[in-house]
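Here is a short note for a first look at this entry. Please keep the structure open while you read the points below.

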Amino acid sequence: MDRIYGHNIWDGFEPLPRTAVTGWNGDHPALAAHARNCVGPFVIIDVGVWKGMSTISMAKAIKEAGLDGVVISVDTFLGSPEHFFMRDDFQRKNSIPNLSHIFMSNVYHEGVSDYVIPLPQTSVTAVNVLQRVNCEAALIHVDAAHEYEEVIRDLREYWKVLRPTGVMIGDDYMYGWPGVIKAAGEFSAELCLPMEVEFPKFIIKKPPA
Ligand SMILES: C[S@@+](CC[C@H](N)C(=O)[O-])C[C@H]1O[C@@H](n2cnc3c(N)ncnc32)[C@H](O)[C@@H]1O
């Protein structure tokens, strides 16, 4: 938190009223299981967080296991193309969605704000920022854009900040997201590393240095 922001961004936070945390595959057991396996002190990077389901799953796993870890949550908080017309899911002030406020409120109400650092940026800018503060992650979950070019770019860029023995998990390795399937397969092949699938998550483990 200090290296990224220089202060605690939760100070003075005013949450929205509590509502259900909705999302996609954010409660998949692989997220909590791999978070619990991290050896502290450690950073988890969650790329594409929407209203916080995946971040909260991993943050709760850290908290409940008493581990010394934190989740850095990267999102534009503007939504993807498939979210643009979901008008009942968030409010817009002028043209700007309130997804960041919803995300932070959900994290706050779930009792894990001490374990979560929001990073409201594009995935590419965020990884650049994280490299500038020498951040290395033990676990990275990639679930931002789902088009081929963007997915393979995110996988390649975030692999650079995954520490040796770290684990990369991607979402939506499934029918309906051909760009994700193509990118995951090509990325695994270019690394010459096996990819495990715990449907619909794909998992690639970085070898020791
Ligand atoms: C499928 S949702 C994430 C779901 C979430 N992991 C969960 O547990 O429910 C994808 C998210 O990625 C974000 N996103 C899309 N493209 C992005 C990009 N280039 N950089 C950062 N965030 C992006 C969207 O704003 C959206 O919130």
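1. A term first. A polar contact is a pair of N or O atoms within 3.5 Å. With that cut-off in hand, take Trp 24. One of its backbone N or O atoms lies 3.0 Å from an oxygen atom of the ligand, so the pair falls within the 3.5 Å limit. Bear in mind that this is a predicted model.

2. For Gly 48, a backbone N or O atom is 2.9 Å from a ligand nitrogen atom. For Gly 79, a backbone N or O atom is 2.9 Å from a ligand oxygen atom. On its own, the ligand has 610 Å² of accessible area, and the protein covers 94% of that.

3. Now the wider site. The ligand sits in the largest pocket. Around the ligand are 20 residues. The closest are Ser 54, Asp 75, Gly 79, Ser 123 and Asp 143.

4. Next, His 28. Look for this residue in the loop between helix 1 (2–5) and helix 2 (29–36). Is His 28 buried or exposed? His 28 counts as buried because its relative accessibility is 11%, and buried means under 20%.

5. What does His 28 touch, leaving aside residues up to four places away in sequence? The contacts are Glu 198, Phe 199, Pro 200 and Lys 201. With Phe 199 there is a polar pair: a polar atom of the His 28 side chain lies 3.1 Å from the backbone oxygen of Phe 199.

Methods:
Residues numbered from 1 in each chain as written. Predicted model: local features only at pLDDT ≥ 70, side-chain atom pairs only at ≥ 80, totals over all residues. Heavy atoms only, no water. Helix = DSSP H or I, 4+ residues; strand = E, 2+ residues; numbered from the N terminus. Buried < 20%, exposed > 50% of the residue type's maximum accessible area, 1.4 Å probe, protein only. Polar contact = N/O pair within 3.5 Å; in protein donor to acceptor, adjacent residues only side chain to side chain. Contact = heavy atoms within 4.5 Å. Near = heavy atom within 4 Å. Areas by Shrake-Rupley, 256 points an atom, 1.4 Å probe, with all protein chains shown as cover. 1 Å grid on protein atoms, 1.4 Å probe; cavity = no way out; pocket = protein on both sides within 12 Å on 5 of 7 lines; lining within 4 Å. Sits in = over half its atoms within 2 Å of the grid points.
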